[in-house]
Structures are given as structure tokens and as C-alpha cells.
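The entries follow in the order in which I looked.

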Amino acid sequence: MTRAITDDAPLDASERSALVVRMQAEPNEIATQQPQAFGKVREDLKLVTLDVLIENFSKSLTGNGAKNEDAWQQFFKANTFALKQIFAAPVAFYGEQVHVRSPDMKGAGGQIADFVLFNTLTRSMVLVEIKTPSAALVAKNKYRGASSAEVYPPDKELSGAIAQLQAQMESARTDFDQIVRRTPGAGPLDTKVVTGAVIAGTLGSMDQLRKDSFVRYRNGLHGIEVITFDEVLDRLLALQTMLKESGYSWFVGSVNPG
């Protein structure tokens, strides 16, 4: 370290780097000699990371980032923690861009899931399809009805994503075990029950009638959850609040990325 940290003055870039290197080099010694301080630093870093993740996530819900599917793929790849928050059951990350259907002799016909998670207790598969916050969830024009009784069908972007995910889930049930056996180091998963999730659109972008139609549609799906991007953000914010109210009230503010 270039100076003792005895006041509230912020660290410069070189001092931050030195702190990270020291924590990585001597974690056991620090944890043994100063367990309470080490524990507080670890929780501090976790909350800082969560604050930065939430800030970046929130900013990307609008503007150019809201339409960039590749950017969201990379975001969830780098922050698999955010993916795990959308499920009620405990899940772990298995892989991204995972083949779930074997191609034919000419290399065609394969299917690739954006992300594969698995239930840590049952090892059952969960396939996740990532769209964008700008993805439409219901059609612009009503199907029928008038006044306060309009009914809106799902937008083709959402119904297409669900159809694609359904095909991937069926392929995973029949082909994934063979793919695992041909892949060195790949861990087996239980393919008897395969579920899926689509992350797409935002609830806040719809009026109440369109929102009602969307909620009815997704509640009628079997084995597939549809989670909107602002719902993911809401779950991250709820976790942030819970952590800060559980003894971390001393932590305030957020850290700008970069």
C-alpha cells in the first residue's frame, strides 16, 4: 500500500490495485489475524459490487442499450449472480451458448441455449433465453374487445422466443445426455424435467390493459417463466435493501463503474 488508510480520503487507482492484490495474496493470514475487519471488508465489497451491478443494469434499460441483445448476453455472462435471482429454487450456473440438440451429418439442425442453469438440489436443467428490454411483449393492436375490455395477443417476438425455448427444452430431454457423454469434463444433469425462462421487455412500458393481457398469457404457460427486465431489477433492489437492513446500515451510496 502507498499509504496507511486512516481517514475517509478516497483511494487513488494505484492504492485500490494494491489493496486488491494484498487481499488476494494473503486472505488466510488477514482472516485469521483480523477476522471481524476481514468479514466487514468482504461484505463491504459485496455490497459495492451489488450497487454497481444495479446501477449499470438500470442505466442499460433505456437508450441504445435497451435494444442490444448481444450486450445483454455479455452482461448476464459477466453477472450470472443476476440470473440466479430470478428463480425461487436454488440454481447454479452451468454454461452459456450450450448445445442442447445434436446437428445432422452436415452440421445443420443444432440448437443452442443462451444459458443453462441447474437446480442445485435436483440437478434438473433450466434453459434461459435472453431478449432485450425493448422487446415487445404484446401486440400493438388489440385482438378484440372495447372500452376497458380490450384483449391483446402476445407479440410475435415473445411468442417466437417461447416457441424457440420449447423446442430447445424438448431437444435437451432427448439429446443432452448424449452431448454430455461426448464432451470431456461436462457434468451430467437430470433431463427428465427441463424448464425454461425468457427474460424480455419491461412491464413499465405497458398500460394496464396490455399488462393484464401479458400477465394472463404468461400465467398460462407450462414449464416456462417469462420475466421482464424491470422485474429482474426489482429483485436486485429488494436484495440490496434486505442486506442493508440486516446490519449493513453503515453502508451508503454507490460506486460509479470504471
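I began with aspartate 207, which is partly exposed because its relative accessible area is 38%, where buried means under 20%, exposed over 50% and partly exposed in between, with a 1.4 Å probe and protein chains only. Before going on I noted that this is a predicted model, in which local features need pLDDT of at least 70 and side-chain atom pairs count only at pLDDT 80 or more, while totals for chains, interfaces and linings use all residues. I also noted that residues are numbered from 1 along each chain as its sequence is written, and that side-chain values use heavy atoms, with hydrogens and water left out.

The side chain of aspartate 207 meets that of arginine 210 in a salt bridge, at 2.5 Å from N to O; the term asks for a side-chain nitrogen of Lys or Arg within 4 Å of a carboxyl oxygen of Asp or Glu. Arginine 210 is partly exposed too, at 22%.

**Entry on salt bridges within helices.** My search of the whole structure gave 7 salt bridges. One of them joins glutamate 55 to lysine 59, with the closest N and O atoms 3.2 Å apart, and both residues lie in helix α3 (residues 35-60), about one turn of the helix from each other. Helices here are DSSP runs of H or I of at least four residues, strands are runs of E of at least two, and both are numbered from the N terminus. Glutamate 55 is buried at 16%, whereas lysine 59 is exposed at 53%.

**Entry on the sheet.** I then traced an open sheet of 5 strands, in the order β1-β2-β3-β4-β5 and with mixed pairing, where two strands pair if DSSP finds at least two bridges between them. Strands β1 (91-101) and β5 (224-227) stand at the edges with a single partner strand each, so one side of each has no neighbour in the sheet. Between β3 (residues 124-130) and β4 (residues 190-199), which run parallel, I found 7 bridges, and isoleucine 130 stands opposite isoleucine 199 in β4.

**Entry on valine 232.** Which residues does valine 232 touch, not counting residues up to four places away in sequence? I listed Phe57, Ala82, Ile86, Ile199 and Ile227, contact meaning heavy atoms within 4.5 Å. Valine 232 has its place in helix α8 and is buried, with a relative accessible area of 0%. The C-alpha atoms of valine 232 and lysine 84 are separated by 9.9 Å, although these residues are 148 residues apart along the chain.
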